[in-house]
Amino acid sequence: MGEHRQISTGVGTFDAVGAGPASGRPVLLLHGFPQAAIAWEHHVDVLGHAGLRAVAFDQRGYSPSVRPDDVADYQVDALVGDVLAVADAVDMPEFDLVGHDLGAVVAWHLAAAHPERVRTLTAVSAPHPAALAAALREDEDQRMRSQHVPVLKERSAERRLLADNAAALRQLFEWRVPRSEVDEYVSRLSEPGALTAALNWFRAERWNVLPDPVAVPTMYVWGGEDVAVGSTAALSCGAWVNGLYRFELVDEASHWVPQEAPDLMAGLLLDHLR
């Protein structure tokens, strides 16, 4: 299993899990909402056993030592800065970047703004933000799928998500993620201030701008049963990649591809990083 560790940076200390030799090809993995680095634990272990040096870390708000109060501190530029700070702290001047859900959103922004740091990009579930924005303008189906986002920004969101033993928070996983893993996320997000910090990623969205097209080799992985991202956004994602592009459809998977098909996802990563 991967080694749990802490990574000290100028903005604070991030909790992380890592595996693989120090000389291995570096890979950084970013989790989404409402998860943590352990969402990538299996994949980190597989990558490490294959000789790569893989690190997944609890991002801003999820690491207790990096949990600012101001919503503005969760805009995407700060989140991208955190990834670069972690990469610098673990001596990764260039790395393969993997992200799921909101972690993929951060990854799209980073790859567009700092292509000199990113060898390849793998985005899971969340397409390029410009592809999603266009779908929201043009596609009623996508607007329906995204109705949960304004709800997560409401001031009452924390109370509603944690009520009745966090029933609504648990339901977000659609019973597709192992119960023990969900229990761990609920436990972490029940800590004082933790869920507010996670929700501030959504509340800070109004300060974010859409990233440019991505030039690095990119793989986008989409679950055919994803309730949050429809086919319009998923199938148009490639228009926002100027470099080599690979689209992978996992037919019977939902938004939670890394947990529903862990071995398949790990295999896709190994093949993409070959």
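Student: Is Asp91 buried or exposed, and what is its relative accessible area?
Tutor: Buried means under 20% relative accessible area and exposed means over 50%, with partly exposed in between, as judged with a 1.4 Å probe and protein chains only. Asp91 therefore counts as exposed, since its relative accessible area is 61%.

Student: What kind of model is this, and from which number are residues counted?
Tutor: This is a predicted model, in which local features need pLDDT of at least 70, side-chain atom pairs count only at pLDDT 80 or more, and totals for chains, interfaces and linings use all residues. Side-chain values use heavy atoms, with hydrogens and water left out, and the residues of each chain, as its sequence is written, are numbered from 1.

Student: Where does Asp91 lie, and what is its phi?
Tutor: Helices (H or I, at least four residues) and strands (E, at least two) are DSSP runs numbered from the N terminus. Asp91 belongs to the loop between α2 and β5 (95-100). Although Asp91 is not a glycine, its phi is positive, at about 60°.

Student: Is Ala166 buried or exposed, and what is its relative accessible area?
Tutor: Ala166 sits in helix α7, and it is a residue other than glycine with a positive phi near 60°. Ala166 is buried, with a relative accessible area of 2%.

Student: Which residue in β4 stands opposite Leu28?
Tutor: In a regular strand, side chains alternate between the two faces of the sheet. In β3, Pro26, Leu28 and Leu30 are on one side and Val27 and Leu29 on the other, and all of them are buried. Two strands pair if DSSP finds at least two bridges between them, and β3 (residues 26-30) pairs with β4 (residues 53-57) in the parallel sense over 5 bridges. The residue in β4 that stands opposite Leu28 is Val55.

Student: What is the omega of the peptide bond from Phe33 to Pro34?
Tutor: Pro34 lies in the loop between β3 and α1 (41-49). The bond from Phe33 to Pro34 is cis, with omega near -5°.

Student: What is the volume of the largest cavity?
Tutor: On a 1 Å grid over the protein atoms alone, a cavity is a set of points where a 1.4 Å probe fits but cannot get out, while a pocket is an open set with protein on both sides within 12 Å along at least five of seven lines; lining residues have an atom within 4 Å of a point. Grid points are joined across faces, edges and corners, and a volume is the space filled by probe spheres set on the points. The search of the whole structure finds 1 cavity of 30 Å³ or more. The volume of the largest cavity is about 70 Å³.

Student: Which helix gives the most to the lining of the largest cavity?
Tutor: Among the residues that line the largest cavity are Gln35, Asp58, Tyr185, Arg188 and Leu189. The helix that gives the most, with 3 residues, is α8.

Student: Which residues lie nearest the centre of the largest pocket?
Tutor: The volume of the largest pocket is about 940 Å³. Its lining divides into 25 nonpolar, 6 polar and 4 charged residues, where Ala, Val, Leu, Ile, Met, Phe, Trp, Tyr, Cys and Pro count as nonpolar, Asp, Glu, Lys and Arg as charged, and the others, Gly among them, as polar. Of the 35 residues that line this pocket, those nearest its centre are Leu102, Leu132, His148, Val149 and Phe202.

Student: Which elements do the buried residues of α9 pack against?
Tutor: In α9, 9 of its 10 residues are buried, including Leu195, Trp201 and Phe202. Contact means heavy atoms within 4.5 Å. The buried residues of α9 pack against α2, α3, α6, α7 and α8.
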